[in-house]
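Colleague: I have a model open and want to learn how to read it. Can we go through it feature by feature?

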Amino acid sequence: DGYGVVTNNGTWKKSAPMQLGVNAGSHGVFVQNGTISHTYPKEMHIGEKGWGEFILNAPFSWTFNVHGDGDIVIGQSQEDNNITINENGKLTAYYVYIGGRIAGQAGRGTLRLRGGVYNNNRDNGVKEDLFYLGACPDENGEIDSKSFGRICGWGSFAGNDVSRISYRGVY
């Protein structure tokens, strides 16, 4: 159990996994205010077993690296976990899972647009850019009934090659 808020007003370079709300009963918030962010990521988990929120007030890039890491997973717990992209915010990412990713880890996640931009950026052309919305599998490979993902608010979606973006979810 615990509560933590990190506010970053500058550039941030991250090579280890980022986890917000790791333990049951914990709360983690990360606020990005810096004007430039460049990352070499592992994975980002927002609401792994607790509650997590990532608030973007500036451009932020979390993209595929040479090791194949770079997934963003919003909501592996049944808390209301969020990424909020405000007016000057922009999230650039390749693989995003809202509502869990792995069997047995279905949860609740929301992408909140508050005038910002979600950019599903094209990788090296080998794989599709993936965006899963409430499509976490259960042990049988079917969509888990506990997987909940949503997009709300106002803003825009962008991509370098929209023909290669694969949006999967429950419609």
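Predicted model: local features only at pLDDT ≥ 70, side-chain atom pairs only at ≥ 80, totals over all residues.

Colleague: Where is histidine 45 found?

Modeller: Strands are DSSP runs of E, at least two residues, numbered from the N terminus. Histidine 45 sits in strand 4 (residues 44-46).

Colleague: Is histidine 45 buried or exposed?

Modeller: Buried means under 20% relative accessible area, exposed over 50%, partly exposed in between (1.4 Å probe, protein chains only). Histidine 45 has 7%, so it is buried.

Colleague: Which side chain makes a polar contact with the side chain of histidine 45?

Modeller: A polar contact is a pair of N or O atoms within 3.5 Å; within protein, one must be able to donate a hydrogen and the other to accept it, and residues adjacent in sequence count only if both atoms are side-chain atoms. Here the partner is glutamine 76, at 2.6 Å.

Colleague: What about leucine 133?

Modeller: Leucine 133 belongs to strand 12 (residues 129-133). Its relative accessibility is 17%, so it counts as buried.

Colleague: Which residues have the most contacts inside the largest nonpolar core?

Modeller: Such a core is a set of buried Ala, Val, Leu, Ile, Met, Phe, Trp, Tyr and Cys residues joined through side-chain atoms within 4.5 Å. The largest has 22 residues, and Phe54, Ile72, Ile83 and Leu91 have the most contacts inside it. Strand 11 (residues 108-120) gives the largest share, three residues.

Technical notes. Residues numbered from 1 in each chain as written. Heavy atoms only, no water. Helix = DSSP H or I, 4+ residues; strand = E, 2+ residues; numbered from the N terminus.
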